[in-house]
Amino acid sequence: MRNSELVISRKFDPGALLGIAKDFFELGKPRVVLVMLVCALVGMALAVPGMPAIDKVVFGLMGIGLASMGAAAFNHLLDQRLDQMMLRTSRRPVAEGRLKSWQAATYAAGLSIAGLVLLWFEVNPLTSMLTAAALLGYAVVYTAFLKRATPQNITIGGLAGAAPPLLGWTAVTGHLHADALLLVLIIFAWTPPHFWALAIHKREEYAKAGVPMLPVTHGTEFTRLQIWLYGWLTVAATLLPFATGMSGWIYLVGVLGLNARFMYWNWRIWRTQDVTAPLSAFWFSIRYILYLFGLLLLDHYFFY
């Protein structure tokens, strides 16, 4: 009787099941996806004068979120060898062996297909196709090829990560618009200084793993300069919503303050020897892009 009770307790161990669920949830990089969904939601809001249709918002965010988590899971699967060699990623579920490759592949494919099907039937085919392109761009073009092939991997591959506001826009309207592409441009310009700051901080790990990140191939001094220059490119891109009439004075005043702080951290990376500056700049840049899109939203509804 005791042996049978022991078998049952092992089969239905709530702690083990919770651990497996957490591992699968981690495969989807939920914190990264959350930032993407915020940007997609802002794209939805900016696409129409008033409030966007609630069904498009709900199904759009669900579909984009599922597909994004699927792409993230593919990233775990394809990068497992590299993840094992880097301290920052060595404890990821697939890299550490807590989940098998086939489990990650099945999970990634299931999430991706579910998201794309949901977008196709409940939102519109254009958003589904654009999401599929972004998924392939991140999971295949960037992760499987660019990341290992060129130090410009972030610059080129960043286009896939810049898609969320465009996806949100098309989810509500069903068509492309120049203002939506402007939002993509902002994230596209912001991505290199954002990620190169982390790459400087993790340079030794990338070198050990054989990943040709810019600090590894061209040195940290060159990368610091590029962060400074790309920072100014980001500033220029963030002023375009006001210049084109997409946003008003509330956005302009707010974004000038944000850009001052953003460039302060980029200057710290470029001109000081503060070893903590790159990582601090990286974390600030995440808040920066969220605050910027929040300003776009505030400005849009203030003048509505």
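How much space lies in the second largest pocket? About 230 Å³. The views below come from a predicted model, in which local features need pLDDT of at least 70, side-chain atom pairs count only at pLDDT 80 or more, and totals for chains, interfaces and linings use all residues. Residues are numbered from 1 along each chain as its sequence is written, and side-chain values use heavy atoms, with hydrogens and water left out.

**View 1. The second largest pocket and its lining.** The lining has 15 residues. Ala-133, Ala-134, Leu-159, Ala-160 and Ala-163 lie nearest the centre. A pocket is an open set of points on a 1 Å grid over the protein atoms alone, where a 1.4 Å probe fits, with protein on both sides within 12 Å along at least five of seven lines; lining residues have an atom within 4 Å of a point. The volume is the space filled by probe spheres set on the points, which are joined across faces, edges and corners.

**View 2. Helices around the second largest pocket.** At least two lining residues come from each of α7, α8 (153-161), α9 (164-173) and α10 (178-201). Helix α7 gives the largest share, 6 residues. Helices are DSSP runs (H or I, at least four residues), numbered from the N terminus. By type, the lining holds 13 nonpolar residues, 2 polar and no charged. Here Ala, Val, Leu, Ile, Met, Phe, Trp, Tyr, Cys and Pro count as nonpolar, Asp, Glu, Lys and Arg as charged, and the others, Gly among them, as polar.

**View 3. The salt bridge of Arg-148 and Asp-79.** The closest N and O atoms of this pair are 2.8 Å apart. Arg-148 lies in helix α7 (residues 125-149) and Asp-79 in the loop between α4 (54-78) and α5 (80-85), so the bridge ties together parts 69 residues apart in sequence. A salt bridge puts a side-chain nitrogen of Lys or Arg within 4 Å of a carboxyl oxygen of Asp or Glu. Arg-148 is partly exposed at 34% relative accessibility. Asp-79 is buried at 0%. Buried means under 20% relative accessible area, exposed over 50%, and partly exposed in between (1.4 Å probe, protein chains only).

**View 4. A network of salt bridges.** Asp-23, Glu-26, Arg-91, Glu-96 and Arg-98 are linked. Glu-96 is partly exposed at 35%, and Arg-98 is partly exposed at 34%.

View 5. Glu-221 and Arg-224 meet at 3.8 Å, N to O. They sit 3 residues apart in α13 (residues 220-243), about one helical turn. Arg-224 is buried, at 10%.
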